[in-house]
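Hi,

Here is the structure I promised to pass on. Have a look at it first, and my notes follow below.

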Amino acid sequence: KAGWRAFNQAHHDVDGLTEVSAVGYNAAHTVAVFYAIHRSGTGCADEGFEVLHKTRGQWRRSPDQGFSFAACN
């Protein structure tokens with residue numbers, strides 16, 4: 001907890017720490033997958049895989065995949 005207190009004092013506008021893995025793509029580069037975890041000093045953590053699909057030149061999240069930081073706010 002002392003480490004989080006120091007983190008919160010130094011970065012008072014930040015609600016935690018987010019880590020993101022390397023991104024993996026399918027052969028056609030139309031699907032991207034990565035893993036992310038968000039941690040806060042309150043003990044809250046949200047993690048999971050994000051799946052993105054590229055359609056008409058834009059990346060969009062798959063609506064039934066991934067996670068939300070809402071649980072930690």
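Predicted model: local features only at pLDDT ≥ 70, side-chain atom pairs only at ≥ 80, totals over all residues.

**Aromatic pairs and a hairpin**

Tyr35 counts as partly exposed, because its relative accessibility is 27%, which falls between the 20% and 50% cut-offs.

On to the rings. The count of aromatic pairs comes to two. One of them joins Tyr25 and Trp59, with 6.1 Å from centre to centre and 55° between the planes, and it is tilted. Tyr25 sits in strand 2 (residues 24-25) and Trp59 in strand 5, so this pair ties together parts that are 34 residues apart in sequence. Both partners get the partly exposed label: Tyr25 because it has 46% relative accessibility, and Trp59 because it has 35%.

Tyr35 comes back in the pair with Phe49. Their ring centres are 5.1 Å apart and the planes meet at 65°, so this pair is edge-to-face; the cut-off for that is over 60 degrees. Tyr35 belongs to strand 3 (residues 31-39) and Phe49 to strand 4, so the parts tied together here are 14 residues apart in sequence.

Now the hairpin. Strand 4 (residues 45-55) pairs with strand 5 (residues 58-61) in the antiparallel sense, over four bridges. Where does Thr55 stand? Opposite Gln58 in strand 5. The hairpin has two residues between the strands, and Arg56 takes a positive phi there, near 55°.

Cheers

Key
Residues numbered from 1 in each chain as written. Heavy atoms only, no water. Pairing = 2+ DSSP bridges. Phe/Tyr/Trp six-rings, centres within 6.5 Å; stacked < 30°, edge-to-face > 60°. Buried < 20%, exposed > 50% of the residue type's maximum accessible area, 1.4 Å probe, protein only.
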